[in-house]
Amino acid sequence: MYMLRIMSTLAWRNLWRNHRRTIIMISAITIGVWAMIFMTALMRGMVNEMVRDGIRALPGHVQIHGRGFLDDPGINNLLPMKDEDVTASFDAAGFDAWAGRIRVPAVVTSERDSRGITLYGIDPVRERDITFVAGDIVEGRFLEDADDSGVVIGRKLADNLETELGKRIVIMSQDPDNEIADRGFRIVGIFEARLEAYETSMLFAGKSAIQKMLNVPDRINEVVVLGDDYRNVDPVVRKVTDLVGPGVEVLPWYEVDSYLGTMMTVMDGFVLVWMIVVFLALSFGLVNTLVMAVFERVREIGLMMALGMRPTSILLQIVIESLLLLLLGLLIGNVLAGATVYWLRDGIDISVVAAGMEMFGASSLLYPQLTAHDVVLANVVVLILGSIASLSPAWRASRYDPIEAITKV
Amino acid sequence: MAKQSAILSVVISLLAHPLAASAQQPDAAEIVRGAIDHWRGTSSYSEMTMIIHRPDWQRTMSMRGWTEGDKRTLVRVTEPQKDRGNGTLMIDNTMWTYSPKVNRVIKIPSSMMSQSWMGSDFSNKDISRSDDIVDQYEHNLIGTTEAGGHVTYEIQSVPHEDAAVVWGKEVLTVRDDYVLIGHEFYDQDGMLVKKLTSLEIGEMGGRSVAIRQRMGKVDEPDEWTEVRIDAIEYGVELNDNVFTQSNLRNPRN
């Protein structure tokens, strides 16, 4: 212990013998650590937004379907239980928010054009807490209740169909017997979404009206449940599974929208790779600095050995020196990264590249997100890999032959 | 209504029963209902020619059609050779097509109902429906003209709120002997989008019939489809198996 204190004192003093070099090295480590933490926070923020948007764009946190629905999302894979039974049991279970839907592929026709879309028969009251649409109405109104006989369509779809608010459109789909089911609806609301794809592919109508049109009274084919945190949906999945029993499929959002799910997993791997890459660049500087420090002090090290210092202590001294260097850099780097994230807490406007970002589902305002996990990971990576990197010069220093070292010019 | 007019054009079988002369101001819905009952109220066999005209090409198809009531229709192409045997069968509002090249009977799904029928200006939906015009619309008589010994009624039909009709209104022009003179489709801003016009009316199969009818979009005057009746026979005895998928595939008549 006494030995360790002497070594630490020696290392600390050695560090400041060439303070310019030390300060440069600390700056390098600081910038590296800052880059690791801040960039990770940025990417996390981006993915976070994507996932949150993605979830708000309908998947919810947990979905329930009849078996086979995901392969053939249509009228032929209804949930085995009735709409009202679902309502009773889900209301009793006390979820944050949930909604039943009937969702079928359909064709919408105006006087001048027709388009294929996904028709959502929704319960607007429940859906308000779950989907984006209720809040993104730019003209007209959102649906009022499940019996509402109007529809809400996307701005882009309205443009494609050359129709507008207040006009009638015809929706055609198929009932369970494959007979054509169609009906006219009046457009009561137009929504704008951040992603154009949502605007062109979704059409919302009252659930009861759609059930009637499709000739499936009191049946639905999708239930969406919202928990309190998208990163922790397993408890909700378990609760729902217990509630609905076998015969239906209960899926968390990352399986419903596997693109989003994969995104999260890829992100975790990417963060680690990013940190290691930054560290590798950093480690060359670190090793070089230590090699220089050792090289300058060959005679001194020889003298210490000649006076009876053990090679282990020499090794320890160099490693401690590098650790002190790293710790200083980490400290400043962490503080700096934290400060930057705090400074940018209102989001970074990246609308200049919004079109490109939209392509992969991100929005144009970026909120950096600092997670404890990433900060710890960055620090651990730097400390552990830094110590390992410093072992090589330290090992060389401890292997000197005292006589040769002393006589070296 | 589009449906109806189309049927009209394809199968033209208007009865030549003049409206009761006593009715001073006949009810618009009754004229429409009467017209449909009379042109589809009986069975018929007809031979037709369909001309599809486009700015840079035109093609002509000959076909034969059978109808029974307003629910059952079978149309089969006879010329040109490469399209021979292509057929369409309609029962109620359901439609099947058959093409000898793929040797399959295909039920037209809802997603294809608004697509063109055999490349013409009629959509599948135009062709497959018939009697919706009566109860899915609000009919109003908006004009009466007299010319050449006939009274012509102009009827404005506005679809009901939940009717599966995209048009804002349709205007039918019907002669007092139930021959459809014209059928106009207006969008919801009141702009004329497309119209069906009877170009030639004459006696055939013992009735007044619109012999030549043309359907075209107002925006593109160079694109139209014309249906010409070459021969028609009313009140024919039709076997039950005429309107079956197996007959669509393997013609026995």
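Predicted model: local features only at pLDDT ≥ 70, side-chain atom pairs only at ≥ 80, totals over all residues.
Residues are numbered from 1 along each chain as its sequence is written, and chains are lettered from A and ligands numbered from 1 in the order in which they are written.

**Entry 1: α1 and α12 of chain A**

I looked up the geometry: helix α1 (residues 2–15) and helix α12 (residues 311–343) of chain A have axes that come within 8 Å and cross at roughly 55 degrees. Axes here are lines fitted to C-alpha atoms, for helices over the stretch in contact, and angles run from 0 to 180 degrees between N-to-C directions. Helices (H or I, at least four residues) and strands (E, at least two) are DSSP runs, numbered from the N terminus. The crossing of α1(A) with α12(A) is right-handed, meaning that the near helix is turned clockwise from the far one by less than a right angle.

For the residues, I found Met3(A), Met7(A) and Trp12(A) among those of α1(A) that meet α12(A), whose own contact residues include Leu316(A), Ile320(A) and Leu324(A). Contact means C-beta atoms, placed from the backbone, within 7 Å. Ala, Val, Leu, Ile, Met, Phe, Trp, Tyr, Cys and Pro count as nonpolar, Asp, Glu, Lys and Arg as charged, and the others, Gly among them, as polar.

**Entry 2: what packs on α14 of chain A**

I next checked helix α10 (residues 258–296) of chain A against helix α14 (residues 372–398) of chain A: the angle is about 30 degrees and the axes are 9 Å apart. These two are therefore roughly parallel to each other. Their contact divides into 18 nonpolar, 4 polar and 2 charged residues.

Helix α2 (residues 19–56) of chain A comes within 10 Å of α14(A), axis to axis, at roughly 150 degrees, so α2(A) and α14(A) are roughly antiparallel. Val33(A), Ile37(A) and Arg44(A) are among the α2(A) residues in this contact, with Asp374(A) and Val382(A) among those of α14(A).

**Entry 3: strands in chain B**

I followed strand β7 (residues 137–147) of chain B into strand β8 (residues 150–159) of chain B; the two run antiparallel and are joined by 10 bridges. Strands pair if DSSP finds at least two bridges between them. Asn140(B) stands opposite Gln156(B) in β8(B). The hairpin has 2 residues between its strands, and Gly148(B) in the turn has a positive phi of about 55 degrees. On to strand β9 (residues 169–175) of chain B: β8(B) pairs with β9(B) in the antiparallel sense over 6 bridges, and Ile155(B) has Leu172(B) as its bridge partner there.

**Entry 4: backbone notes**

I noted a cis peptide bond from Glu79(B) to Pro80(B), with omega near -5 degrees. Pro80(B) is in the loop between β3 (72–79) and β4 (87–91) of chain B.

**Entry 5: the two chains**

Last, I looked up the interface: 18 residues of chain B are in contact with 20 residues of chain A. The chain B side divides into 9 nonpolar, 6 polar and 3 charged residues.

Methods: Contact = placed C-beta atoms within 7 Å. Parallel < 35°, antiparallel > 145°, perpendicular 65-115°, else oblique.
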